[in-house]
Amino acid sequence: MNLQQQINYRIQPGGKLIGNLRVPGDKSISHRSIMLGSLADGVTEVTGFLEGEDSLATLNAFRQMGVAIDGPTQGRVTIQGVGMHGLQVPDGALDLGNSGTSMRLLTGLLAGQGMAVTLTGDSSLSGRPMRRVIDPLSRMNASIGSTEAFTAPLQIHPQSRLQGIDYQMPMASAQVKSALLLAGLCAKGETCITEPAPTRDHTERMLQGFGYPVRRDGNRICLTGGGRLSACEIDIPADISSATFFLVGVSIAEGSEMVLQHVGINPTRDGVISILKLMGAEIELLNEREVGGEPVADIRVTSTDLHGIDIPEELVPLAIDEFPAIFVAAACARGETRLRGAEELRVKESDRIQVMAEGLQRLGIEADPRPDGIVIQGGALQGGKVESHGDHRIAMSFAMAGLRATGPIEIADCANVNTSFPGFVPSAADMGLQIAEVKK
């Protein structure tokens with residue numbers, strides 16, 4: 001990113017959050033709606049689509065492969081499905097920007113399409129590990145080239161039909177699981193994945209919504225290749241990851257109260273609610289319902305005093321994207337918060353353990369990074385300048401820290417917030433956060 005494009009946030013200390021808000025649509029579901037809608041027979045109508053850079057990267061990739069897609073217009077997308085084998089060879093490489101989900105899931109989906117495709121991304125994406133997807137796909141007879149470090153660009157070579165696999169995942173990862181299930185659609189025989197711990201199950205739910213049979217037995221998920229997908233309507237709930245910043249902000253800012261509307265509360269994604277409640281947060285689920293196979297609720301949260309906890313390891317995979325915000329809650333809580341078993345945080349858009357630790361330390365908080373987690377001593381947040389390292393969740397988490405800081409906070413390199421939460425600054429300002437965007 002050049003200097004003309006750099007965006008910083010400046011947060012004035014104090015304030016409170018009040019109001020009702022529907023945050024943008026779920027990023028994970030938005031990605032998958034485009035992927036499965038493109039491979040389906042018929043026309044798929046999507047509402048609530050996240051118009052952020054990551055999900056738009058997936059949408060544009062399928063346009064490059066010959067899929068006619070109208071929108072997005074106010075979250076509405078219409079996909080003219082081309083069927084399971086109707087994708088066309090793109091004219092050039094598919095540039096997936098900053099989106100790890102796009103790259104890992106498309107690697108699986110395209111491995112069995114019998115065509116040559118190159119997947120590229122920005123400098124951040126090009127540094128993220130892809131071996132955990134490449135290795136099991138290679139066992140399915142896929143042919144995938146990469147750098148010596150198993151990073152992008154990835155070259156997917158034409159290959160005869162893939163072979164189903166029975167794979168025991170060494171680490172819980174929804175992206176790896178989803179990549180293998182998508183590859184399994186075009187594989188001979190049965191593909192089964194056993195997870196060491198539950199991860200988000202949007203792919204399995206959506207496959208069934210498109211009429212594709214998926215079998216689950218405990219932590220083992222199986223499907224048989226060679227079937228078809230039938231177009232459907234998809235209503236995407238608000239993203240619990242984006243709602244999390246306000247759950248934390250309200251909890252730590254005295255006098256705050258909000259209702260976050262139409263939020264997805266999928267049981268493989270709701271770990272943040274459990275963790276914050278263990279810390280003493282006042283969170284209530286209202287109007288629980290099911291929309292398109294996904295559980296949804298309105299979430300009321302009010303400010304309260306939080307206390308530190310040992311975060312249960314079984315909740316870690318259910319809150320993996322929400323930990324930067326949880327770390328801010330821990331910084332404002334009484335006592336010590338300890339996280340273990342979260343080594344995956346080191347290979348996200350940034351090393352989220354190290355980057356959050358360094359930022360909290362700059363704001364006067366004791367934060368001790370560990371190989372698989374962190375120990376945070378609650379204290380008084382000071383003002384200061386922190387680096388987001390281009391990580392959207394880091395930037396938004398430190399923005400909420402301003403509610404409790406004693407001085408202004410400046411957050412560097414925030415342009416990538418548009419990957420998951422376009423309109424974050426005006427939305428947060430409307431609710432009461434004293435935030436301004438500063439272009440450098």
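1. The buried residues of helix α4 pack against α3 (100–111), β8, β9, β11 (166–168) and α5 (174–184). Contact means heavy atoms within 4.5 Å. Helices (H or I, at least four residues) and strands (E, at least two) are DSSP runs, numbered from the N terminus. This is a predicted model: local features need pLDDT of at least 70, side-chain atom pairs count only at pLDDT 80 or more, and totals for chains, interfaces and linings use all residues. Residues are numbered from 1 along each chain as its sequence is written, and side-chain values use heavy atoms, with hydrogens and water left out.

2. Helix α4 spans residues 131–139, and its buried residues are V133, I134, P136 and L137. Buried means under 20% relative accessible area (1.4 Å probe, protein chains only). N141 follows α4 and has a positive phi, near 85°.

3. Strands β8 and β9 also belong to an open sheet of four strands, with mixed pairing and the order β6-β7-β9-β8. Strands pair if DSSP finds at least two bridges between them. At the edges, β6 (94–95) and β8 (144–145) each pair on one side only. β8 runs antiparallel to β9 (residues 154–156), joined by two bridges. G145 has Q155 of β9 as its bridge partner.

4. Elsewhere, the axes of α1 (residues 27–39) and α6 (residues 202–209) come within 10 Å and cross at roughly 40°. Axes are lines fitted to C-alpha atoms, for helices over the stretch in contact, and angles run from 0 to 180 degrees between N-to-C directions. The contact involves S28, I29, R32, S33 and L36 of α1, with H202, T203, M206 and L207 of α6.

Conventions: Buried < 20%, exposed > 50% of the residue type's maximum accessible area, 1.4 Å probe, protein only.
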